[in-house]
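The following note collects comments on the structure shown below.

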Amino acid sequence: MAYKTLEVTTEGAVCTIKLNRPKALNALCAELTQELSEALTKLDKDDKIGCVILTGSDKAFAAGADIKEMQSWEYLDIYKNDLFAKYAESVARFRKPIIAAVAGYALGGGCEIAMMCDFIIAADNAKFGQPEINLGVMPGIGGTQRLARAVGKSKAMDLCLTGRMMDAEEAERSGLVSRIVPLDELMETAMDAAKKIAGQSQPIAMMTKETIDASFEMSLTQGIQFERRLFQSMFTTNDQKEGMAAFVEKRAAHFKNK
Ligand code: CAA
């Protein structure tokens, strides 16, 4: 399907979604978030896809929610429509592994969408921030919550209250991004990681993701219990038999996602 605000390409079991509103630095207008939600819903149901890469341009992953679109909105309208609840959170609801490959600006809603991904690979020119306070608002797609969990209270407060940006080095130091690579190696690095993930057992990768995500919602005791139960359940799968047999037989595993 053709999208107006996205470029979607598939290579083997990896799908790359490129945010594509270059003139607006990929600002997240309603059409873009709706299309992103539709694309992810399809990919979640597509058994052939094992991992997704979400990316933008060299200059901007996304410079935030679309300020020009938001400027005239009124409270009761956005309250009744429950703004951002339906489409903007679709990345967080996606059940398969999804990597953010971030170059340039990831600001406001752009930073929030990147944080909804499972991990962030940053180009050396990446800049992250929650500058909403400069506009007389605050983050509205989970930024206060996910940033505080990712980088701790002090840096989250610093970024959200001053509106300053942090560069890739600071983002990696503070745990927001998993690795930094030169800009011209960003997509190749993300693709290598995505192919590796897509080559694993899909249900096991999904359960691993679900279990790590659960750690943000549960007590340690509940989280460990949840992990233990899912770990035990993996012994019902053919992929567990295949993975362990392959190790013992000193050969590559061929997972069938069963
Ligand atoms: N919404 C709408 N349009 C945007 C935009 C945004 N968030 N960010 C950039 N653009 C547009 C600009 O208006 C400009 O369009 P025109 O050429 O038509 O004027 C175009 O993209 C290029 O932008 P700049 O000329 O500003 O480019 P720059 O290189 O000088 O600056 C920037 C880049 C520092 C990222 C700057 O564009 C900027 O500060 N953008 C806004 C960042 C921001 O405040 N994001 C938070 C949005 S609110 C939000 O996200 C709320 C939430 O949590 C849900």
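Is Val137 buried, partly exposed or exposed, and what is its relative accessible area?

1. Val137 is partly exposed, because its relative accessible area is 47%, which lies between the limits of 20% for buried and 50% for exposed. The model under discussion is predicted, and the values quoted in this note are to be read accordingly. Val137 is located in the loop that runs between strand S8 (127–129) and helix H6 (143–151). Together with Ile67 and Leu135, Val137 makes a nonpolar surface patch of about 270 Å².

2. The ligand is surrounded by 25 residues, of which Lys59, Ala65, Gly109, Glu112 and Glu132 are the closest. By class, this shell comprises 15 nonpolar, four polar and six charged residues. Helix H2 (67–70), strand S6 (105–107) and helix H5 (109–116) each contribute at least two residues to the shell. The greatest contribution is that of H2, with three residues.

3. For Ala63, a backbone N or O atom is placed 2.9 Å from a ligand nitrogen atom. For Ala65, a polar backbone atom is 2.9 Å from an oxygen atom of the ligand. For Gly109, the distance between a backbone N or O atom and a ligand oxygen atom is 2.8 Å. On its own, the ligand has 980 Å² of accessible area, and the protein covers 66% of this.

4. Eight of its eight residues are buried, so H5 is largely enclosed by the rest of the structure. The buried residues are Gly109, Gly110, Cys111, Glu112, Ile113, Ala114, Met115 and Met116.

5. Thr5 belongs to the segment before strand S1 (6–11). With a relative accessible area of 4%, Thr5 is buried, the criterion being a value under 20%. The side chain of Thr5 makes a polar contact of 2.6 Å with the side chain of Glu35.

6. The structure contains eleven salt bridges. Side chains of opposite charge can pair when their charged atoms come close. One network of salt bridges links Lys155, Asp158, Arg164 and Glu170. Within it, Arg164 pairs with Asp158, the closest N and O atoms being 3.0 Å apart, and Arg164 also forms a salt bridge with Glu170 at 2.7 Å, N to O. Arg164 is partly exposed at a relative accessible area of 27%, and Asp158 is partly exposed at 28%. Glu170, in contrast, is buried, with a relative accessible area of 11%.

7. A further salt bridge joins the side chains of Arg251 and Glu242, with an N to O distance of 2.8 Å. Arg251 is partly exposed, its relative accessible area being 35%. Glu242 is buried, because its relative accessible area is 17%, under the 20% limit.

8. Finally, Glu169 lies in helix H8 (residues 168–173). Its relative accessible area is 49%, so Glu169 is classed as partly exposed; the class of exposed residues requires a value over 50%. Glu169 and Lys250 are 81 residues apart along the chain, and their C-alpha atoms are separated by 39 Å.

Notes:
Residues are numbered from 1 along each chain as its sequence is written. This is a predicted model: local features need pLDDT of at least 70, side-chain atom pairs count only at pLDDT 80 or more; totals for chains, interfaces and linings use all residues. Side-chain values use heavy atoms; hydrogens and water are left out. A residue is near a molecule or strand if one of its heavy atoms lies within 4 Å of it. A polar contact is a pair of N or O atoms within 3.5 Å; within protein, one must be able to donate a hydrogen and the other to accept it, and residues adjacent in sequence count only if both atoms are side-chain atoms. Accessible areas come from the Shrake-Rupley method with a 1.4 Å probe; for residues, only the protein chains shown count as cover. Helices (H or I, at least four residues) and strands (E, at least two) are DSSP runs, numbered from the N terminus. Ala, Val, Leu, Ile, Met, Phe, Trp, Tyr, Cys and Pro count as nonpolar, Asp, Glu, Lys and Arg as charged, and the others, Gly among them, as polar. Patches are made of residues with over 30% relative accessible area and no salt bridge: like charges are joined within 9 Å, nonpolar side chains (Val, Leu, Ile, Met, Phe, Trp, Tyr) within 5 Å. A salt bridge is a side-chain nitrogen of Lys or Arg within 4 Å of a carboxyl oxygen of Asp or Glu. Buried means under 20% relative accessible area, exposed over 50%, partly exposed in between (1.4 Å probe, protein chains only).
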